[in-house]
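Okay, thanks everyone. Let me put the model up, and then I'll talk through some helix contacts, a sheet and a few salt bridges.

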Amino acid sequence: DSCTTSLESVWSQSDWRSMSQVKQVGLLAAGCQPWNKDVCAASEDRFAYCATLAIYVYQLDHRYNEFKLRAIMSEHKKTITAISWCPHNPEVFASASADNLLIIWNVAEQKIVARLDNTKDSQVGVLRIWNVSRSTPLDNFKLKKTGFHALHVLNSPPAKKCNSISPTKNQYTSSTSEAVPPPTLSQNQAFSLPPGHAVCCFVDGGVGLYDMGAKKWDFLRDLGHVETIFDCKFKPDDPNLLATASFDGTIKVWDINTLTAVNTSPGNEGVVYSLSWAPGDLNCIAGATSRNGAFIWDVKKGKMITRFNEHGNHGIFCIAWSHKDSKRIATCSGDGFCIIRTIDGRVLHKYKHPAAVFGCDWSQNNKDMIATGCEDKNVRVYYLATSSDQPLKVFTGHLAKVFHVRWSPLREGILCSGSDDGTVRIWDYTQDACINVLSGHKAPVRGLMWNTEVPYLLTSGSWDYTIKVWDTRDGTCLDTCYDHGADVYGLTCHPSRPFTMASCSRDSTVRLWSLTPLIAPLLVNVLADHSWDDIIGNTDRAMVPGATPLLCGKVSRDIKQELDKLSSEVRVKKLRWFSECFSPPGGSHNLWDLVSVINGQDDSLLPQSYGKGVMHMKHLVRFKTSEAQELTIVKMSKFGGGIGAPSKEERLRDAAEIHLRLGQIQRYCELMVELGEWDKALSVAPGVSIKYWKKLMQRRADQLMQEENHDVIPYCIATGDVRKLVSFFTARGQLNEALLVAQGACEGNIHVPQTAVINHTTTTDSDDIQAYNGLLHCACKELAEWYFQDGRAVLAACCHLAVDNTELAMASLIRGNELELAVCVGLVLGESANQATHYVLELLARKYMTAPTWDLAADLLQMIPDNEVLLAKLCAFYPGSSSEIDQIHEKCGLPSLEECQGLAESAVSEGDIFNAVKYYLMSPEPEAALLVGIAHVKEQLSDSDWTVDSVHPILDLLGYIRTDRLILAKFTEARSELLILSGYIGALLAIRRQYSSIVPALYEYTSQLMKRREVSVPLQIEQLSVELEAWMACTHSRGPDEAPYTPPSEAQKAEHARLLDRLQEEPLRGLEGHDYVTGSNLPSHSDVQVSCFTGLRIQGPVFFLEDGKSAISLNDALMWAKVNPFSPLGTGVRLNPF
């Protein structure tokens, strides 16, 4: 077998890593730039807008009827001046920039098709743009306070019609694709707007897509930086608020849970280079600008309260508010001075440097020490307690200018500096020496950030577009992130969420990252209830090269102190507090609040933020009611009156008045309806009968529904038509609204009006409540699915917990691969989540079945009852010398190697195949298990009524045979047979789990192995393709570009039924459906990887196979590993994407 030798060499290089350690978990898109006109454009189901140097492309997700960010293009080096889509090809658009460069892009492939230089006069696309000052149909809508900047109108695609609505004649709604000229008088609407959407860009960087027919925003992104973001910092007393400073002259404050802007600084300050929060809860931000000195902005009051101009009009590159002494602020500037002053402007020190000063940082341990970075390549340390203006220390070594300097928060006297020479240097103030040089960046280094808990972790950002995470003990680079599309300027994290990092860049985005995977074993130590020594330590212990990570910061100490005070619920609190400290924003706090509500915690202990997230259903109406009371002033929009031909209208009016005086109310109502004055008609309709009023209400509701008009809501509520309203909201993708209505109905607030006066029994009510409960669960499921498909598995889990569905909540976390969080939550929920918790523990153990964490894997498995077989698999897979293997057997409470040999032989003689395989795998000759096990499986498959569950347990065991044995040349035939059988059964399990994206790949993989290898297995290649065809026909699983759908033939239906018989039920509820990890749909600028399954570009995180070059998406890798342990390359190596 020719691949064996190369494989063994790959296998020995245990340092290849198959996926990124640092996960991108959030992205703040830029706003739209205000300085050019043609900066937004649309085509079919996509629209695009541009910040200064990057173009954002959004695409409609048809399932949820909402727009999602699909790509960020940032090739231009100068301001983009216009973009335009090609009218004939929806995949292609052009962009032009100030340096006369014109680029033609293909969006689907995210690549450049052509670059046209020097195009001073070439006009590629004409955009029709209206400003509000011109009278266009839009000036009826007061959309925002700020002025419009640009508009692009596109025809709406034909609206989806609901079959339940019978079209009344002569109805002009926005379903056609051309504008309909208003008839002289329509029966229902006096005039109608051209159907369509307008992409609107505002002067403050806001971007929106406005539906002119339904008069609502389909998409609105308020505010946004439109230029390079130079700095970002978390608010000291609130880890959810992040401030950013930009070239566009503003500082903005963002809520990173919702990724929305909360505040923006007043006015334009020129270019803002740097910002620093006031310590504690003072709610002020100091900012530094390129021409206008420095300022203090009081965020609460929304105004500038102080200005500093000691540097004249020289640029101030860095501003730092001392957190040990809140009266002092330092600035450093191009004039060569670092100035320390009090907040009221009294200058304390002016430290002169030989050239421009770019960075300064206050020591975290000594309030009188500050370090600076200077253009003369040196780092200086000053001591404020002396009167001298000479530095205490000067560190030389960089080969180009020094930009930022940062003191270590955990190690006294250690600081780092980043330079234009592309390196980061670590200095020890006490030894007067450079103790490490971190080289790897290919351009100047800007952002720098020490981790506040793990003393050796340092992160740097550079002009080479990357972020690198370093282990400063030996200078190795642990991970590199390529997702930004331009220079990375700022990096920051909040001490209470030490493993969530924010970065900002010239590509005008802020991105959030989770560093938790770098220190994942720590959380497992917490889960497995290890001693504190394995979790918290001092810096000396943590700094030993190669030592496992330990927490040495304030947050972990605080958690431990709080836990030491508790007498009950210690484990629950420990899991919750550590999980919240490790998890990125975006739902983990919300999830834990729901867990505690389900576990019966007193509602008064819920935090303030609870009402803003996904609430438990028993709170929803109560919280929303009080919110409504605060918003008592509600603006109601009037229904459009008619403008038709007045003469006819006046005649109708006169007729109506006469009917009314004659008491012919019904006739009056009908005329009023014809005039479009529904209000008058409905207000007197009960005079005819409640039944008539209800019919009229329903007619109005149906009509509004067809127009997709929000005004339909009160009609449905008043007539108790909950179902119609829930489906109306769901169809529009407004799942939160659907949820609200369903819950209101469940609590009995929405009734069907009684048409006759009868003493009705209460049973009808409770029947309704039952039905509404079903609706509520459906609405929650829909909302959860929407979050899940948006790459937000944690919020999906929140939606399931809100209706007490722990099974589905756990399933969401598992399918989102939030395994550590799932275990924490599962352990706290207890009984109801047991089955899922055990499954997650098993997956987590697989993740850690690798050096140096084998012990952790064993600890996790020991948390599962009935764990003997699971521990046997671990021991079978463990590579090591005989004595090491015996040690792990002993730790797991299993017999030694020699004893296993004996047990295996006696199991064979008793005909107990399962135990024979199990003990042979743990014996000195595991290959004996292959022969026994495979022969058994082949025998089973030759029988006509075999099921997956009858063969899978043995195959699953065999999958744990030691890799170094399996890949030996002499076992080529047995190995091939094992891979083929595992691949085939894997394909069936994938069908059962509904992993439709990998089913064809698994079938193809199995057939390829059968074609290429000498084997005798009871499977036929033709049979495999028949099964696959039948499955595809019966589940409509066709690729996007394949033939149109044809219904399955009778033979295919029979084949599919036979498959399903073999499969039986999925034992774990809720795990059916694709895996979708956090961040799966955030755009990345990394090298574009193509999946070896589909041949298409991979969206979201990538997983590299063992050859180091074949790639599949992480989502596909997770699903594959759950149904077939072996790599798709057919080498016999086990896949570990967890």
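This is a predicted model: local features need pLDDT of at least 70, side-chain atom pairs count only at pLDDT 80 or more; totals for chains, interfaces and linings use all residues.

**Helix contacts, a sheet and salt bridges**

So, Leu522, Leu523, Val526 and Leu527 in H2 meet Arg571, Lys574, Leu575, Phe578 and Phe582 in H5, where contact means heavy atoms within 4.5 Å. Helices here are DSSP runs of H or I with at least four residues, strands are E runs of at least two, and both are numbered from the N terminus. The residues of that H2 and H5 contact split into seven nonpolar, no polar and two charged.

Numbering starts from 1 along each chain as its sequence is written, and side-chain values use heavy atoms, with hydrogens and water left out.

How do the axes of H2 and H5 cross? At roughly 170 degrees, coming within 10 Å, with H2 covering residues 520-527 and H5 residues 570-582. That makes H2 roughly antiparallel to H5, the cut-off for that being over 145 degrees. Axes are lines fitted to C-alpha atoms, for helices over the stretch in contact, and angles run from 0 to 180 degrees between N-to-C directions.

Now the sheet. Four strands form an open, antiparallel sheet in the order S2-S3-S4-S5; two strands pair if DSSP finds at least two bridges between them. S2 (40-43) and S5 (66-73) are at the edges with a single partner strand each, so one side of each has no neighbour in the sheet. Between S4 (residues 55-61) and S5 there are seven bridges, and Leu60 has Phe67 in S5 as its bridge partner.

On to salt bridges, meaning a side-chain nitrogen of Lys or Arg within 4 Å of a carboxyl oxygen of Asp or Glu. The whole structure has 45 of them. One of them joins Asp593 and Arg576, at 2.8 Å, N to O. Asp593 is in H6 (residues 588-598) and Arg576 in H5, so this pair ties together parts 17 residues apart in sequence. Both are buried, which is under 20% relative accessible area, with exposed being over 50% and partly exposed in between (1.4 Å probe, protein chains only).

Last one: Asp61, Glu66, Lys68, Asp790 and Arg792 are linked in a salt-bridge network.

Notes. Angles under 35 degrees count as roughly parallel, over 145 as roughly antiparallel, 65 to 115 as roughly perpendicular and the rest as oblique. Ala, Val, Leu, Ile, Met, Phe, Trp, Tyr, Cys and Pro count as nonpolar, Asp, Glu, Lys and Arg as charged, and the others, Gly among them, as polar.
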